[in-house]
Amino acid sequence: MNKLKFIKDEGSEFYKELNERIEQYFAEKGTHRTGNNKMIFKIILYFSLDLLFYVLMITSTTPAGFYTFYMLMGLAVLMTAFNVSHDAAHGVAVKSKRWNKLLFSLSFNLQGNNAYVWGKNHNESHHLYTNVEGSDIDVLNNPLFRMTESQELKWYHRYQFMYAPFLYLLYSLNWFFFRETLMLLNYSSRTIKVEIPPNEVAKLIIYKLLYIGYMIVLPAILLPFGLKTVLLAFLLNHFMVSVIFVGVLGVSHLSDFVSHPVPDRNNKLDMSWPKLQMATSVDYNADSIFFNWTLGGFNAHALHHLLPNICHVHYLDILPIFRELADKHGLTYMEMPYHKALASHFRFLKAMGAHQTINPIPFER
């Protein structure tokens with residue numbers, strides 16, 4: 001991973017004042033940056049729904065009931081990831097470091113994916129160097145998609161905006177079966193090589209086997225519907241999870257409004273770190289109570305990137321401060337309704353498939 005250097009600009013002053021105002025806000029409210037009673041309720045709620053729907057699924061008496069509870073369980077697990085896993089990875093779901101680590105590890109590993117790999121690279125790569133190829137682990141070099149200007153433009157990329165929705169259905173299946181497994185073989189579509197410690201390799205394999213055990217093997221053994229029914233439910237669940245996951249996260253950084261900065265030969269960017277976050281993130285319906293509750297603040301992505309040490313249950317309260325200071329310091333805060341963010345994502349795919357280079361569209365409210 002290329003470590004980058006930043007300059008000082010208007011983003012530096014914005015970030016300094018933002019932290020001062022946020023510190024003042026929490027001091028006046030007498031509350032902590034970590035989760036409050038609302039967050040404790042959400043943790044209990046989502047883990048309870050995971051367990052409830054699994055029990056209902058594994059005790060289903062009809063195929064219709066089985067499919068229904070299987071999908072509801074998958075949705076509940078995804079909501080747990082959005083609302084609990086993510087904040088716990090940043091150490092802000094609860095006050096206790098030990099409990100944050102446990103919540104993150106439990107909720108992530110039980111989805112069949114490796115908590116260590118995702119947490120380390122999410123915090124130390126994606127958050128630091130957002131959208132910078134060679135530094136951000138989430139920048140892909142996938143032959144089927146062209147999402148960076150350095151990638152060779154193929155004839156079929158002109159159609160990627162049309163076939164993308166179908167490939168998006170496979171996102172979580174690819175993550176579970178191939179993404180981390182290929183990392184063990186030092187192969188990845190990511191632009192950064194990932195090395196996994198031996199103990200995490202063991203965990204990766206064990207939890208994937210456990211996941212297959214309670215998501216496929218156990219239902220096939222205990223229920224009378226047959227393996228084909230269970231496998232179909234497994235596939236449908238992953239299709240649903242994939243579409244929601246990509247729909248929630250893909251529009252934030254893959255948009256024709258955001259920048260994909262390129263550092264100079266000394267790995268220096270011509271902007272500050274706070275300005276990088278503002279230039280590479282799109283927020284949608286940031287003040288929506290519904291989205292904050294269900295998506296765990298993922299819709300307020302620029303806010304989260306700049307203030308990852310704050311639990312998402314506080315976002316709605318600190319959002320006015322964030323908007324005010326961005327405007328004061330002349331920084332563009334890109335927020336819009338979800339449908340506009342989604343349209344921007346597909347315009348980006350279309351443009352990247354048709355042109356060698358593209359320039360971000362100036363954002364206007």
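Trainee: What makes the contact between Lys16 and Glu20 a salt bridge?

Mentor: A salt bridge requires a side-chain nitrogen of Lys or Arg within 4 Å of a carboxyl oxygen of Asp or Glu, and in this predicted model the closest N and O atoms of Lys16 and Glu20 are 3.0 Å apart. As it is a predicted model, local features need pLDDT of at least 70 and side-chain atom pairs count only at pLDDT 80 or more, whereas totals for chains, interfaces and linings use all residues. Residues are numbered from 1 along each chain as its sequence is written, and side-chain values use heavy atoms, with hydrogens and water left out.

Trainee: Where do Lys16 and Glu20 lie?

Mentor: Both belong to helix α1 (residues 10–29), four residues apart, about one turn of the helix; helices are DSSP runs of H or I with at least four residues, strands are runs of E with at least two, and both are numbered from the N terminus.

Trainee: Why is Lys16 called partly exposed?

Mentor: Buried means under 20% relative accessible area and exposed over 50%, with partly exposed in between (1.4 Å probe, protein chains only), so Lys16, at 48%, counts as partly exposed.

Trainee: What makes Arg21 and Glu324 a salt bridge, and which parts of the chain does the pair link?

Mentor: Their side chains meet at 3.2 Å, N to O, and the pair links distant parts of the chain, with Arg21 in helix α1 and Glu324 in helix α13 (residues 315–328), 303 residues apart.

Trainee: Which residue forms a salt bridge with Asp287, and what does the pair tie together?

Mentor: The partner is Arg323, the closest N and O atoms being 3.4 Å apart. Asp287 lies in the loop between β1 (283–284) and α11 (289–295) and Arg323 in helix α13, so the pair ties together parts that are 36 residues apart in sequence. Through shared partners, salt bridges join Asp287, Arg323 and Glu335 into one network.

Trainee: Why is Ser252 called buried?

Mentor: Ser252 has a relative accessible area of 0%, and therefore counts as buried. This residue is found in helix α9 (residues 227–253). Leaving aside neighbours within four places in sequence, Ser252 is in contact (heavy atoms within 4.5 Å) with residues including Val258, Tyr284, Phe298 and His301.

Trainee: How many salt bridges does a search of the whole structure find?

Mentor: The search of the whole structure finds ten salt bridges, among them the pair Lys16 and Glu20.
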